[in-house]
Amino acid sequence: MLRIRKAPMLAGALLILVFPWIASRVPAISHYPDLMVFAGVYALITIGLSLLMGYAGQISLGHAAFFGIGAYVSGVLTTQYGVNAWLAMLLGALAAAVVAVAIGAPSLKLRGHYLAMATLAFGIIINIVFREEARWTGGPDGMVGISGLTVFGYALDSAGKYYYLVWGIVAAVFLFTVNLIQSPTGRALRAIHASEAASAAMGIPIARYKVIVFTFSAVLAALAGSLYAHYMNFINPATFDLFFSIKLIIMIALGGMHSIWGAIIGAIIVAFLSLEWLHYFEEFEIVVYGAVLLLVTIFLPEGLSGAPAKLMARMRR
Amino acid sequence: METFPFLNQLLQFLVTGLTVGAIYAMVAIGFNIIYNVTEIINLAQGEFVMLGGLVMVSVHTSLGLPLLLAFPVTVLVVTLVGVLLDRLAIRPIRKPSVMTLIIATVAASIIIKGLAMIIWGKSPYDLPAFSGRTPIDIGGVIIQPQYLWVIGFLVAVAVGLTLFFNRTILGKAMGACADNPDAARLVGINVRHMVLLSFALSAAIGAVAGLTLTPIALMDYDRGAMLAIKGFGAAILGGLGSFPGAILGGLILGLIESLSAGMLASGYKDAYALIILLAVLFIRPSGILGNLEVTRFKRF
Amino acid sequence: MVKKVAMVFLVCLAICGWAIQPALAEYTVGAIFSVTGGASFLGDPEKKTAEMVVEKINKAGGINGQQVKLIVYDDESDATKCNLLAKKLITQDKAVAVIGPSVSGLSLAVVPVFEKEQTPLISCAASYKIVHDEKTGKPYPWIFKTPQSDSLAVEAIYTQMQKMGISKIAIISVTEAFGASGREELLRLAPTYKIEIVADEKYGPKDTDMMAQLTKIKGFAPQAIINWSVGPSQVTVVRNWRDLGMEKITFFQSHGFGSRKNIELAAGAAEGVFCPLGACNIAELLPADHPQKQVTMEYMNDYKAKYNEPLSSFGGHAWDAMNLLADALKAVGPDKAKIRAYLETKKGFVGQHGVFNFSADDHNGLTKEAFQMVVVKGKDWALAN
């Protein structure tokens, strides 16, 4: 759990790198890079959320709001004020950070279910603002005409190109987070998760650490939101509602709460399940989705990322 | 056109708010029963309410059972679903942490919702009101007869539970599990049975809420989640685990919604209720009647 | 050298042949509807209708001797999913054109996709914005839609109000795309019809009760109320209006009220409610010489026979979209650009919701006359005038 090995990381990176090439050869999955763009966007959020939940032990049922803040700041600034898209992305992350500190400082004093409710309430309130402030956000109908992204005049206008942008950012964030976990900060976070009282006694400024992690995860979610907005060229409030917050929790639970790998695997699995695979069950789609989730919870409480280790242990026996 | 004095309007908001609040309160009580025994927030609680409405539609309207018979049959069916939820989703989990248990209830709620969609389809259903639809006019304030049923059932549930927990051995045993499961086990209480009972009981109360709500607001398969969230909010506002808190929280939430819809911008009515909820939590981190010492903290 | 050229030629031929082959075998048409999720009451009848129409076409020998293959996807009322499915239909399933999505928000979400891929889309959603590019002031070239724009429903209601001498009204709408977009049009067009809006209230799609909002409205004593929503909440709001004894304040529903199921669910409370409806809802009430009499009766009978449930007006939008597309395919074949050009100049298409006359400036092709004002009488619709 603590050591992140190099080999799987390299293998993962290689797989991500060649995936569009493989997909383009197989007609049945030629649209998978498109799905992977969304999976990558989700992964950015779940990496931060897994740090918050799995390592610092704090729940958040409101991260869809930060995802939305990033998307809407990008959308509003680029369409209505002509701000450069990359600058808008930065401002979106900044806005999310400010909101995260403002809401995180009082909320993170709450515990367990109370924290869950507080973050849930925050998420719903932000969503209502997206919906009601139609002058800026376009209201429930959503906002159209958000431009794509360009790098030095080179337009990232296809799934293939955007794929590398999103997964490049995911890789960078992944490496940063892995280093963070192995640093003293990471140890402090785990200490808070294990026992708040003990870590306070050891002189760890608990409150400050919690707010920092919360803010970090909010910034990642906002970044994901900006990437989403520029890829979809469209955003609406329903994308950022509380059901998406719950979906994020499901990703983390499916992937495995206590590992950054789990966050990425969970994001990919849920993206493919909900956006593609379950489609074949038609009417039964919802039931199958729930059943998969329940079975994983019952038989793999460590999530899918814990499955290989479990399998190894069983084989050794 | 007749004039409509301000006081009348205010009273109308109160009546409406209390009725909606009573539904929230019943959902919140359901949360508390399970929470007290297991520390789980059962996010499938709203699905019990939905099922209560839809099963009643099938039993009463489609099968034609009279109201007095359809009522217990519906409650029984939904109670059975509650029992199944415990047996199939909660008990099989070997290393239960609060987080995995919550995810299990989320999964269960998704399954129940999906099955309800297959059984009843997507369209909304209506039930005849228990004692007609002729509104009662008291000095310009309009009360639907069904409102009285909703509030009446809340009172009945509250009184029933008080008697159950204070007067019966079973109720006292459940209370003991809530206070200290290990000690309860030592004195020979079967904690597993108590968990099962808590699911059954809260499913039954959810069903009552659902079948009294349906004549007012119709019911469809997709209603559960929203009701669960309102009920969760009510339980938290009142203080998790406290039954008077649940009733208080539910009524306050209903009143804020109704008053803000009537007197402020109605598009923001849910936001006002939640802002007040947040404000209360920031001042009292364990809700109005909750006790931080009692709310032991479990890891996620 | 010759060998090389021959090889290249052969490969080209093979690729071309492979690419053209499926297009020759049948016409592939895509559809995206919100079959499940919050907007399933739209997507469900739309899917059933589109499948029924295609089945009928194929039974009659297809179009130009070609069978039509309809691929229906369910977007579950989710924008991300809708976007992905649109791209999948175009790039992977090679659909020549797509009908749907069911909801305004989701139609707006896929407009950029169809514009970029240059594929015709016939939306089944209400909002005016779907066929109006604010940057150019003209319709998006590749996007069409069959439902009457909500602005037309608003005009139909306001015209009726003028006839009835109503000038002071309250509006109440649901906080979803349908309600928000209707509300915007109500506010925008009110001055044109000299109508004063004294209250502007909202409620959530899952709300159990709208007594508070209506009580507030009652205090303003307007002459009429207009409600803009779809789904169960529009039934609850009518019941609350009746309970509060507000019958003197005439109640207008949007065209979203277009299903007899709603009258039934209102349990008697809907008596006297006005509502603008497309012809297909009231086929049997139309005079025999009405241009839409024949198509609407046929659709109603087919639908009832096949699915054994009452018709909702939303299925009619899919009927219009599918038949328009079939008409275009028959005339110009499976060529995207030609289909687009054909649709843009199509005149006099008799559909379920009106007689469509498209032009380069109007990709909806309907006027407010596409609506009939009806009133609920004796638990059924009756023509208001």
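Helix 2 of chain B and helix 4 of chain B are roughly parallel to each other, where angles under 35 degrees count as roughly parallel, over 145 as roughly antiparallel, 65 to 115 as roughly perpendicular and the rest as oblique. This is a predicted model, in which local features need pLDDT of at least 70 and side-chain atom pairs count only at pLDDT 80 or more, while totals for chains, interfaces and linings use all residues. Residues are numbered from 1 along each chain as its sequence is written, and chains are lettered from A and ligands numbered from 1 in the order in which they are written.

**Helix packing within chain B**

- The axes of helix 2 and helix 4 (residues 98-120) of chain B come within 10 Å and cross at roughly 20°; axes are lines fitted to C-alpha atoms, for helices over the stretch in contact, with angles from 0 to 180 degrees between N-to-C directions.
- Glu47(B), Met50(B), Leu51(B) and Leu54(B) of helix 2 meet Ser109(B), Ile112(B), Lys113(B), Ala116(B) and Trp120(B) of helix 4, contact being defined by C-beta atoms, placed from the backbone, that lie within 7 Å.
- By class, the residues of this contact are six nonpolar, one polar and two charged (Ala, Val, Leu, Ile, Met, Phe, Trp, Tyr, Cys and Pro count as nonpolar, Asp, Glu, Lys and Arg as charged, and the others, Gly among them, as polar).

**Val59(B)**

- Val59(B) belongs to helix 2 (residues 45-62) of chain B; helices (H or I, at least four residues) and strands (E, at least two) are DSSP runs, numbered from the N terminus.
- Val59(B) counts as buried because it has 21 C-beta neighbours inside 10 Å (buried: 20 or more other C-beta atoms within 10 Å; exposed: 12 or fewer; partly exposed: in between; C-beta atoms are placed from the backbone).
- Beyond its neighbours within four places in sequence, Val59(B) is in contact with Leu65(B), Ala70(B), Val73(B) and Thr74(B).
- Val59(B) and Leu69(B), 10 residues apart in sequence, have their C-alpha atoms 9.0 Å apart.

**Contacts between chains**

- The contact between chains B and A takes 40 residues from chain B and 33 residues from chain A.
- Helix 4 of chain B gives the most to the side of chain B that touches chain A, with 14 residues.
- That side of chain B divides into 30 nonpolar, five polar and five charged residues.
- Helix 10 (residues 243-263) of chain B and helix 7 (residues 211-220) of chain C have axes that come within 8 Å and cross at roughly 30°.
- The contact of helix 10 of chain B with helix 7 of chain C has two nonpolar, four polar and one charged residues.

**Chain C overall**

- Chain C has 12 helices and 14 strands.
- Of its 385 residues, 59% count as buried.
- Among contacts in chain C between residues at least 6 apart in sequence, 69% join residues at least 24 apart.

**Backbone features of chain C**

- Most residues other than glycine have a negative phi, and most peptide bonds are trans.
- A cis peptide bond, with omega about -10°, joins Gly100(C) and Pro101(C).
- Pro101(C) lies in the loop between strand 3 (97-99) and helix 4 (104-117) of chain C.
- Asn308(C), not a glycine, has a positive phi of about 55° and is exposed, with 7 other C-beta atoms within 10 Å.
- Lys379(C), also not a glycine, has a positive phi of about 60° and counts as partly exposed, with 13 C-beta neighbours inside 10 Å.

Notes:
Contact = placed C-beta atoms within 7 Å.
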